[in-house]
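Please read them with the structure open beside you.

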Amino acid sequence: MQLITLATKSMFNRKASVLLTLFTIAISVMLLLTIERVRQEAKSSFSNTVSGTDLIVGARSGDIQLLLSSVFRIGHANNSVSWDSYQDIKSQRGVSWAIPISLGDSHKGHAVLGTDSTYFEHFRYGKKQNLAFAAGRAFVNAQEVVLGSEVASKMHYQLGQQIVISHGMGNTSFHHHDDNPMTIVGILAPTGTPVDKTVHVPLAAIEAMHSLPKSVPRMIGKPKQSAAHSHSDTDEHDHNHADEHKHNDSHDHGHANEHKYNDSHDHDNADEHDHGHDKPNTVAVAVPAPAHLHGDLIGEPKQITAFLMGLDSPLYTLQTRRNINNYKAEPLLAIMPGVTLRELWRMLGLVEKILLLFSGVVVLISLLGMLTTLLATLNQRRRELAILRSVGARPRHIFTLMSSEAILITAAGCALGIALFYALIALAQGTLQSQFGISLSISLLSHYELMLIGVIMAAGTLMGILPATRAYFYSLSDGMSIKL
């Protein structure tokens, strides 16, 4: 204890060089722990982007390509899945639910995802967390849109505003669907996943924008009506339908095609063409829409990009995957998200090793700096060592004193580095969560992180042996050595 007290006072006497060395070690420790924590949490966050999904099905391509395009909105799918195949697979034994996904459009650089109401019911992220609304509600007809939290905050959108979808991915837009503006009815709560950067629209809206030029905004599908009004509504519908037939007979072929399209959608747009009668606005903003205004959100799509599947039991996973991969109607690919993510991380293993090597080199440089400082001050301290020898200190005491200084500097640097590490996490966790989807938790150091600290302490101790050995031999050659 006397030697440790003496070593502490000696370091205070050289506080400028010691503090510089200490902060160098602290910064390197902070960097090493931060890189390791971000690496681990990035793996966890990528794995948590989609949870509770047993299979992802798309056109046959590559496992990683399908995962990146359908979940992370990175790249694009080369082919599509026919709607008939989706319906057939969805109805197979063991399938609990399926979420259709249609990609290919964008809004000011943000991906547009076409889906239906099952997306908000069954999609999970993180530890099987449900999607929640920060404001508004889910879409209930083809003219409504739900925004991810980042889209809304970045573009300063509010409920009730109208936006225009563009054809094309990313910032490249080939055509703006100005004739089909969408009304914002919901904004999702932040999730730290690609959901935050996505614009969600009904599949029926995708179909309407791509199939009808200059179509009049309308609600796709027949609204659900109460029994008290079913008879009168049916009579009015038949009357309007008859009038529309007469109207179409006296017009050109183009209007007949429009009538054919209306017939394929249960004549929901008949009132818009019938003797100028106006239909009341059914778009509700910021409050749940009445049940009788809910329309068909799917329409009649011919194809989709991919779909997510949940099964009744994990026992069905391998069998269902094999059946889909051998599907005869068209070439399809079914992947298990967790397995494909592990394959992706194996491919990125070289990057992880480079990051760890980089942080290790920084720690080594800081320890070498400490060694250089101790060696540089050793000659200046020969007088101090001679005084210690004159009052009875033996060479082994001098060796222990110099070694203790290196250990104390390394320990203090590690402690300060850990404190800086937690401070950095507290400051950066919000930004990393919102911008990169990486959730950093302020938790105790893991076993691996503690092992890294132990390695640094051992390396610092070894670095202190060289100046301690030189001080030991200085003590033997100062003329005051005695037999040990």
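1. A residue is called buried here when its relative accessible area is under 20%, exposed when that area is over 50%, and partly exposed in between, computed with a 1.4 Å probe on protein chains only. The model is predicted, so local features need pLDDT of at least 70 and side-chain atom pairs count only at pLDDT 80 or more, while totals for chains, interfaces and linings use all residues. Residues are numbered from 1 along each chain as its sequence is written, and side-chain values use heavy atoms, with hydrogens and water left out.

2. On the overall make-up, the protein chain holds 16 helices and 16 strands, where helices (H or I, at least four residues) and strands (E, at least two) are DSSP runs numbered from the N terminus. Of its 484 residues, 46% are buried. With contact taken as heavy atoms within 4.5 Å, 79% of the contacts between residues at least 6 apart in sequence join residues at least 24 apart.

3. The UniProt record, an unreviewed entry, places the feature "transmembrane region" at residues 16-35, 354-378, 399-428 and 448-473; such positions are given in the numbering used here, feature names are shortened, and annotations may be inferred rather than shown by experiment. In the model, residues 16-35 are 100% helix and 0% strand, with the end C-alpha atoms 29 Å apart. Residues 354-378 are likewise 100% helix and 0% strand, and their end C-alpha atoms lie 36 Å apart.

4. The axes of helix α3 (residues 63-70) and helix α12 (residues 337-347) come within 10 Å and cross at roughly 105°, the axes being lines fitted to C-alpha atoms, for helices over the stretch in contact, with angles from 0 to 180 degrees between N-to-C directions. The two helices are therefore roughly perpendicular to each other, given that 65 to 115 degrees counts as roughly perpendicular, under 35 as roughly parallel, over 145 as roughly antiparallel and the rest as oblique. On the α3 side the contact is made by Asp 63, Ile 64, Leu 67 and Leu 68, and the residues from α12 include Pro 337, Thr 340 and Met 347.

5. Which residues does Ile 64 contact, leaving aside its neighbours within four places in sequence? They are Thr 340, Glu 343, Leu 344 and Met 347. Ile 64 lies in helix α3 and, at 15% relative accessibility, counts as buried.

6. In helix α11 (residues 317-325), the buried residues are Thr 317, Thr 320 and Ile 324. They cover an arc of only 75° around the axis, which puts them on the same side of α11, the arc being that of the directions from the helix axis to the C-beta atoms. Among the elements covering them are β1 (55-59) and α4 (83-90).

7. Thr 53, in the loop between α2 (15-48) and β1, is buried, with a relative accessible area of 11%. Not counting residues up to four places away in sequence, Thr 53 touches Trp 97, Leu 308, Met 309 and Pro 337.
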